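Dear colleague,

I am handing over the structure that we talked about, and below it I have set out what was found in it. Please read the text with the structure open beside it.

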There are 2 protein chains.
Amino acid sequence: MVAIETLDAPMRLAAQPLYAKVREALVGRLISGAWKPGQMLPSEFAIADELGVSQGTVRKALDEMTNEGLLIRRQGRGTFVSEAEDKSILFRFYRLTSNNGQGTDQSFPESKYLSRSLQTANAEEKALFSLEVGAQVWHFERLRSENGQPILVEQLILPQNRFPDLDEQKDLPNNVYRFYGAQYGIIVARVEEKLRAITAPAHVSEHLGLESNAPVLEIDRRAFALDGSIVEWRVSLCQSDTMHYRNELK
Amino acid sequence: MVAIETLDAPMRLAAQPLYAKVREALVGRLISGAWKPGQMLPSEFAIADELGVSQGTVRKALDEMTNEGLLIRRQGRGTFVSEAEDKSILFRFYRLTSNNGQGTDQSFPESKYLSRSLQTANAEEKALFSLEVGAQVWHFERLRSENGQPILVEQLILPQNRFPDLDEQKDLPNNVYRFYGAQYGIIVARVEEKLRAITAPAHVSEHLGLESNAPVLEIDRRAFALDGSIVEWRVSLCQSDTMHYRNELK
DNA sequence: AAGTGGTCTAGACCACCGC
DNA sequence: CGGTGGTCTAGACCACTTA
């Protein structure tokens with residue numbers, strides 16, 4: 001019954017429903033790292049007892065978090081913090097598909113790193129990541145391929161303050177979101193993307209084996225952590241000959 | 001208590017939960033047209049009594065349908081079949097934004113129809129709409145602009161059997177999904193899109209005021225009705241100079 | 001004041017998993 | 001078998017809208 005103060009704490013202008021407070025408390029444990037990816041959560045009744053609410057209220061909070069992709073629930077097993085390795089999660093943020101793909105033959109591309117550097121953030125990067133003057137950002141460029149076929153060239157930009165010690169790493173792994181979680185406790189909760197068609201720059205069309213002036217799909221992505229801050233800026237240039245970006249709107 | 005048979009009817013191999021049967025029954029009323037867009041549904045308790053289940057079970061079904069965008073619930077007012085006019089619905093399937101847009105200045109583009117024709121379906125169209133040999137399809141081409149600025153040229157393809165009497169219409173309205181609902185009782189439940197970057201065909205770059213060979217964003221969309229059938233095939237070619245396609249993944 | 005959706009509870013039972 | 005999530009119920013109370 002101690003933790004009931006935790007739930008009463010917020011006391012916003014517009015009173016939140018109880019399940020929203022429960023959700024905030026649980027998300028807080030993910031942010032703080034008290035619950036790590038892959039870990040099993042206490043049972044619904046255990047959480048309910050601890051927070052002094054009913055099991056149904058806890059369930060509503062857990063269901064919401066499951067819908068957001070933060071948790072995975074398995075009947076008979078338990079509730080787990082979702083990992084970027086889970087099959088269903090791997091493709092959560094990966095929307096590129098081969099044109100003749102059947103939908104089931106989804107594969108995940110490998111990465112070859114082309115460059116890596118630590119730079120002083122420019123104005124745009126400072127604003128994006130809310131950095132101080134003089135703060136630094138990592139730039140990575142990589143070529144991603146599927147079955148030997150080059151698909152896209154992309155640039156990853158990470159704020160140095162959220163990713164210290166990166167210089168000690170030889171390269172980033174292929175699945176970077178899993179790496180962010182495992183190494184830095186950063187869980188990517190959602191991403192915003194802007195898509196445009198542009199003419200491929202020379203070095204990109206070379207890497208992708210396209211004629212110069214070939215059109216490519218530009219995907220400008222900002223990845224948000226659980227606390228709402230931007231942790232990665234990514235610009236991908238994807239060849240459109242054999243690949244497309246799929247989307248479903250409901 | 002009569003309608004309990006309706007709910008028992010399915011009896012699938014994998015027994016569905018009760019709320020899923022309730023959902024099916026309610027969606028059936030939308031499909032049949034018994035409940036039309038904009039109409040108010042009976043209260044939770046009224047539906048629960050009629051179907052012989054508890055109010056909580058009905059609520060779970062209604063909540064799901066609300067999440068899918070089929071219904072709109074307003075506290076104190078009631079539950080309504082969603083209309084394509086609702087502000088929140090208007091932009092549900094429209095993801096194009098001006099590059100310098102602030103996100104709040106969302107506006108909806110006007111349409112100018114360029115052509116209209118009734119043709120015998122080709123092999124691809126026959127397969128897509130599950131048509132018989134010799135069946136016909138409507139082709140519409142229109143230019144969409146925002147504040148006088150041309151944004152995209154798109155082609156709409158509709159199966160004649162789902163849209164009879166269209167020849168009597170001078171043109172389709174701007175908001176076609178609202179029209180499908182009001183005129184034919186067809187509710188678009190979801191759409192699948194494939195995005196690619198291509199070089200604009202000559203007549204498209206002319207309409208959009210682009211140089212020849214300019215890259216444009218191709219959006220290939222199939223719209224699905226409540227019963228899962230495809231009711232519209234749409235290919236939009238959008239200029240990428242001032243516009244982009246925004247997407248959020250969770 | 002009456003009617004609607006929104007929240008919360010308590011308890012029952014089922015389905016699935018792993019030991 | 002015991003523990004987990006999944007479903008379903010019945011009832012209470014709150015918040016909002018309309019008349």
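How much area do domain 1 of chain A and domain 2 of chain A bury between them, and what percentage of it is on carbon and sulfur atoms? Before the answer, please keep in mind that this is a predicted model, and that the domain assignment of chain A gives residues 4-81 as domain 1 and residues 87-245 as domain 2. The two domains of chain A bury about 590 Å² between them, and 75% of that area is on carbon and sulfur atoms.

The two domains within chain A

The C-alpha centres of domain 1 of chain A and domain 2 of chain A are 31 Å apart, and the contact between them takes 8 residues from domain 1 and 6 residues from domain 2. Between these two domains of chain A the count of salt bridges is 0, while 1 residue pair is found in polar contact across their interface, with both residues at pLDDT 80 or more. On the side of domain 1 of chain A that touches domain 2, the largest share, 3 residues, comes from helix α2 of chain A, which covers residues 18-32. Sorted by class, that side of domain 1 of chain A has 6 nonpolar residues, 1 polar residue and 1 charged residue.

The two chains together

How are chain B and chain A related to each other? Chain B is superposed on chain A by a rotation of 180° with a shift of 0.1 Å along the axis, and the RMSD is 0.1 Å, which means that the relation is that of a two-fold axis. Because 97% of the interface residues of chain B are also interface residues in chain A, the copies meet through the same surface.

In this interface, 29 residues of chain B are in contact with 28 residues of chain A, and the two chains bury about 2500 Å² between them, with 54% of it on carbon and sulfur atoms. Three residues, B:Asn247, B:Leu249 and B:Lys250, supply 25% of the area that chain B buries against chain A, which is more than any other three residues supply.

By class, the side of chain B that touches chain A has 12 nonpolar, 5 polar and 12 charged residues.

Salt bridges in the whole structure

Over all chains, the structure holds 32 salt bridges. Among them is the pair of A:Arg234 and A:Glu154, with the closest N and O atoms 3.5 Å apart. Since A:Arg234 lies in strand β9 of chain A (residues 230-239) and A:Glu154 in strand β6 of chain A (residues 149-159), the pair ties together parts that are 80 residues apart in sequence.

With best wishes

Technical notes: Residues numbered from 1 in each chain as written. Chains lettered and ligands numbered in written order. Predicted model: local features only at pLDDT ≥ 70, side-chain atom pairs only at ≥ 80, totals over all residues. Heavy atoms only, no water. Domains from an automatic or database assignment. Contact = heavy atoms within 4.5 Å. Buried area = accessible area lost by both parts, 1.4 Å probe. Salt bridge = Lys/Arg side-chain N within 4 Å of Asp/Glu carboxyl O. Polar contact = N/O pair within 3.5 Å; in protein donor to acceptor, adjacent residues only side chain to side chain. Helix = DSSP H or I, 4+ residues; strand = E, 2+ residues; numbered from the N terminus. Nonpolar A, V, L, I, M, F, W, Y, C, P; charged D, E, K, R; others polar. Least-squares fit on C-alpha atoms with pLDDT ≥ 70 in both.
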